[in-house]
Amino acid sequence: MRVQRLTIEGFGPFAGRHTIDFTEFRDTGVYLIGGPTGSGKSSILDAIVFALYDAVPRYDGVSGKRKSLRSDFAQPRNATRVELEFEVAGDRYRIRRSPEYERPKQRGEGTTRSRPEVALDLDDGSGWRTLTTAYRDTAARIEAIVGLNAEQFQQTILLAQGRFAEFLQANSEDRTDILRRLFGTHRFGELTSAITEEARHATGRIERLEQEISASSTRAQDALRELAQAGDEPDNGSSVTTPEAAKARANSIREQRQVHAQEKKHKRDAAVSAANAARTLMSDIRERDAARAELSRLELAAEAHAEDIRRLERANWALELWPSVTTRDAAAHALADARRQLAATESESELQGVDDSELDTAVHALREQLTHVQGAQKLEEQLPRLADAERDAAEKQRTASEQRASLRERSTAIPRELAELQTRIDELRTEAAELPVRRQSAETARERIDLFERRARAEEQHRARSEELRAALQEKTDASRHAEETLRAMLDDTASRLAQQLEPGIPCPVCGADEHPRPATSTRGAPSVVTEQDVDRARVAERDAAMACDTAKERARAARAALERLHETLGDAAEDDLLKAVHSAELALRAAEDAEREIPKTQQRLRALNTELTTVQGQMEELGERITLLVSERDAAANAVLDAESRIRAAIGDAKSASARKAELDLKLQRTISVQDARRRVHEAQESEQRATSALSTALADREERELRAAYLERAERERLERRVREHENAWARVRAVLERDAITSIEQRTADGIPDLAALEEREAAAEDAYTVAVGATAAADQVISTIAREIDASRRLNEELDSLGERAQALTRLAQSLDGRGPNLQRMRLETYVLAAGLESILEAANLRLETMSQGRYRLEHDDAGEDRGRRGGLGIVVRDDYTGVSRTVQSLSGGETFLTSLALALGLADVVQQEAGGVQLDTLFVDEGFGALDAEVLELAMQTLSDLQTGGRTIGIISHVPSMQERIPERVRVRREAGGRGSTIEFP
């Protein structure tokens, strides 16, 4: 992850908008964020973390921290927002975030609360594309993209104030949370949880199996007890104690009930047989009586049946000859229709009495006349087109003559325009020749006006620098006074403490006197609270204030010198006179520039006119030739019109038009042909009628047509007759078949002893069936109980087998789960995940030692400590420091402030190296260091700076935040944060 650009507006101490481009430091690798104490340097880091994670490191746990985010110096209508651009794995992202704050209402008085906003964008090559604007989604995406949450980001990338050495001095449990995310070892913890859950599940399963085995035995005994109690057996099953014994007793009961059921079955079968024989006899008697009744009915309908047969035979004969009748009738109807049509056609055409040969002659003559009229009709259709051609040729001749006259006028006007353009070109060239002189004059006049504006800015800057100088002088005076007072207070407190230790007769540790007549007393009347560190800080603040005052003096002198130079350059010149001169010079310059731009356009117009003159002269010649051709076309079209009109009149005679004459001849021809067709259809119909009459006579032979028509039946009536005949014959056959069956003929013999009592037999049958059903049910109940007991025996066997195999597995899983969780057999009390993380920690320490040995000049080396911690807490991720001067390893808490800084810095850099190589895509290319350099002496500081400078070869950039003057001298690349004059917040100076 590499930070690229940060924009802050209305945030923390920064009222205005400030942008820092961190890519400017990629070549140097190490840069400084410098400025006085309290100016807002750390607020830059606050803005980075706020943009990414909506968190502020220094305000964690502080009430009202969100209120602190908006700058107290921002104008009411100014926004508060932070925008951060960063790069991860080659992809560029931008996040924009605003906190909740009060802003003026758009309407009316008072303020309203501005809602927090966030937007995450991705540069997809064509511009920024918004990924999300939802708070929860943004948080999840940022952690996924960066690979770190806010806490881990501050531990590995942003080493903020008060948290520099937390990872170094954290206990194993806290260090686990950080390393777990970096190395992705959640799966080992999940494995431990899964095995623990499996062990718990196995133990619970054993308990459930034992309960199920006991319940199975109980269910088998209960089933046997219910079976015995429901029957007549004297033993109720209370003495049975095992499922196997219950099954044996149930089998015995089943055998007894099966014998009883067999006896009931024999009785049931005998009763059923007797009842079935009686039912069969009664059915046969009813069927015999019904057949006899039907036979009597059929004998009474025999005569009607014979007449139906005779009628059906005659209808079948008529059906065979009926097509000849229908054919003869259709031919007669067609002949009558043809004769009626012929009479109508002859009457309409007035051709009655004309024989066929005369009709043929008339048709031939009409067709010849139509041929001549059709030719005239075509000429008649062409006549408008010929007249249009004549008019078109005349119109084109007139248009061409007008165009030629217009071109003649244009050819006379063009020479005059050519002369005028040439004169204009000469004038423009004269004006354009003055362009260099006029441009220089205008530039000189504008420069004089710029000097007035520069002098106004210089006066404003001089006033600002003077104000800054006064503030710096005041701050220097205050710092000096504070340093003196702090030193005096420390001396006063020191003397007071020494005086309290003096005793008569004991030498003073300062002067050696045995008597102490006037011991010192504290002039402040309060316990000692001032230390040497307080004095050192006061002196550092005094030096910072002196340096700031010197800087302010230098800037004030530079501003005053710049202002004096501008006064000397301008002298007594009046601004109004200079403005008038600038206006006149610019007008003259624009005129010369316009002339220079117009010359090419005018020359182009001159060339266009010459081309146009040549074109006009050529067009005039072409039009003369075209007019001669158009006159010839007009005369030819007029002659064609006269010839067509003469030929049309000769063809149509007195008719109004060729179309009318053609319609008249078409009607006569159609009517004549219609008479011919009608006569032909009459002749054909006569022949068809004669053939049909002859065929019908042949088919009838010696019988009459009226007999045929009387015998003929329509299809529906014939089918009804056939069905009636067929039904009578089928009923007769069925009755004879029934009466001739052996079962019917033997009824008299079967009832010789009387008719049996069917109701009594069926009652005995039902009683026997019920008794058999009860016996079968009892046997089935025994079968059900035996099956139930057998299932319980099988279930108990399977449960016992599973119980035997699961016992050893449950014990092994429990031991494994306890070991993986750092309990039980695990003497080191180290979890599996901690064991894996320990390997990662050792890699981090190895990478850190590469730099720590250099920075500590070979004295210190970090070592992994896997021992348990106090109060029985699990260990495994401890860190101790090896001191080669003493040869003893000791806790990291025993290091001094400067040593802790160097060790923490080495550990942070080692962590970044290892995470970048092994943490599954997390790449740490940016590091910020926000404290600690002031505690280093010159030699150690040089070693630390050299270590940070070496990181440039790995592509990282290191931002160091410090107010120490020596750091500003060592690091030329810097971002400077300074306080505004008058306490109006801070500003960022970025080259």
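In which crossing, left-handed or right-handed, does α9 pass α16? α9 passes α16 in a left-handed crossing, a label used if the near helix is turned anticlockwise from the far one by less than a right angle, with right-handed used if clockwise. The structure is a predicted model, in which local features need pLDDT of at least 70 and side-chain atom pairs count only at pLDDT 80 or more, while totals for chains, interfaces and linings use all residues. Residues are numbered from 1 along each chain as its sequence is written, and side-chain values use heavy atoms, leaving out hydrogens and water.

Two packed helices are described by the angle between their axes and the distance between the axes. For α9 and helix α16 (residues 715–739), the axes come within 10 Å and cross at roughly 140 degrees; axes are lines fitted to C-alpha atoms, for helices over the stretch in contact, and angles run from 0 to 180 degrees between N-to-C directions. The two helices are therefore oblique to each other (under 35 degrees counts as roughly parallel, over 145 as roughly antiparallel, 65 to 115 as roughly perpendicular and the rest as oblique). Among the α9 residues that meet α16 are His305, Asp308 and Arg311, and the α16 side includes Glu717, Arg718 and Glu722. By class, this contact of α9 with α16 has five nonpolar, three polar and seven charged residues (Ala, Val, Leu, Ile, Met, Phe, Trp, Tyr, Cys and Pro count as nonpolar, Asp, Glu, Lys and Arg as charged, and the others, Gly among them, as polar).

Helix α9 (residues 302–349) also packs with helix α14 (residues 658–700), their axes coming within 8 Å and crossing at roughly 160 degrees. α9 and α14 are therefore roughly antiparallel to each other, and α9 passes α14 in a left-handed crossing. Their contact has 16 nonpolar, nine polar and eight charged residues.

Turning to the strands, an open antiparallel sheet has the order β11-β12-β13; two strands pair if DSSP finds at least two bridges between them. Because β11 (860–865) and β13 (888–891) each have a single partner strand, they stand at the edges and one side of each lacks a neighbour in the sheet. Helix α20 (residues 832–855) packs on this sheet and touches β11 and β12, contact meaning heavy atoms within 4.5 Å. Helices (H or I, at least four residues) and strands (E, at least two) are DSSP runs, numbered from the N terminus.

Elsewhere, isoleucine 960 lies in strand β15 (residues 957–962). Isoleucine 960 is buried, with a relative accessible area of 0% (buried means under 20%, exposed over 50%, partly exposed in between, with a 1.4 Å probe and protein chains only).
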